[in-house]
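Please look through the predicted model below.

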Amino acid sequence: MKMLAGLESADEGAILLEGEPITAPSRQLGIVFQQHVLLPWMSARQNVVFALETEPGSTSTKEELRERADKYLDLVNLSHAADQRPSQLSGDAAARRNRPRLRPGAEGDAAG
């Protein structure tokens, strides 16, 4: 799995995607975790902002990150829970909070 996602290199051979070797993580490849990956001391919004600010090459201001996070929370119908911590969210709500970060997509894509 880690090799498919580009997180580890193969010792031998290659894994190809559309004829090209997978050599590094890519926004074209999504990882779906079996457990929710949320930082429990942060709110839903803070978790999304953290994911956005750790994107390679991110130069967004704090305000821009917050606006994007709010947009993504709205896309998964979690605007009402933006200030709640993971322990306050239902399992379904926590899963929906994860979707914007985990789905593949380009920067301009509503899911990315």
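R45 has a relative accessibility of 12%, and because buried means under 20%, this arginine counts as buried. Which residues does R45 pair with through salt bridges? One partner is D70: the two side chains meet in a salt bridge with an N to O distance of 2.6 Å. R45 belongs to helix α1 and D70 to helix α2, so this pair ties together parts of the chain that lie 25 residues apart in sequence. D70 itself is partly exposed, at a relative accessible area of 26%.

The other partner is D83, whose salt bridge with R45 has its closest N and O atoms 2.6 Å apart. D83 counts as exposed, with 58% relative accessibility.

A further salt bridge joins E55 and R68, with the closest N and O atoms 3.5 Å apart. E55 is in the loop between α1 and α2, whereas R68 is in helix α2, so the pair connects parts 13 residues apart in sequence. Both ends are buried: E55 has a relative accessibility of 15%, and R68 has a relative accessible area of 15%. Through shared partners, salt bridges join R45, D70 and D83 into one network. The count of salt bridges comes to four. As a general point, side chains of opposite charge can pair when their charged atoms come close.

Helix α2 supplies both D70 and R68. This helix has 14 residues and reaches 20 Å from its first C-alpha to its last, close to the 20 Å expected at 1.5 Å a residue. Which residues of α2 are buried? They are L65, R68, A69, Y72 and L73. Seen down the axis of α2, these buried residues fall within an arc of 140 degrees, so they line one face of the helix. Just after α2, N77 takes a positive phi of about 55 degrees.

The largest one has 13 residues, of which V48, L52, A69, L73 and L78 touch the most other members. Two or more residues of this core come from each of α1 (44-53) and α2 (62-75). In soluble globular proteins, nonpolar side chains tend to be buried together.

Conventions
Residues numbered from 1 in each chain as written. Predicted model: local features only at pLDDT ≥ 70, side-chain atom pairs only at ≥ 80, totals over all residues. Heavy atoms only, no water. Core = buried A, V, L, I, M, F, W, Y, C linked by side-chain atoms within 4.5 Å. Buried < 20%, exposed > 50% of the residue type's maximum accessible area, 1.4 Å probe, protein only. Helix = DSSP H or I, 4+ residues; strand = E, 2+ residues; numbered from the N terminus. Expected span 1.5 Å × (residues − 1). Arc of directions from axis to C-beta.
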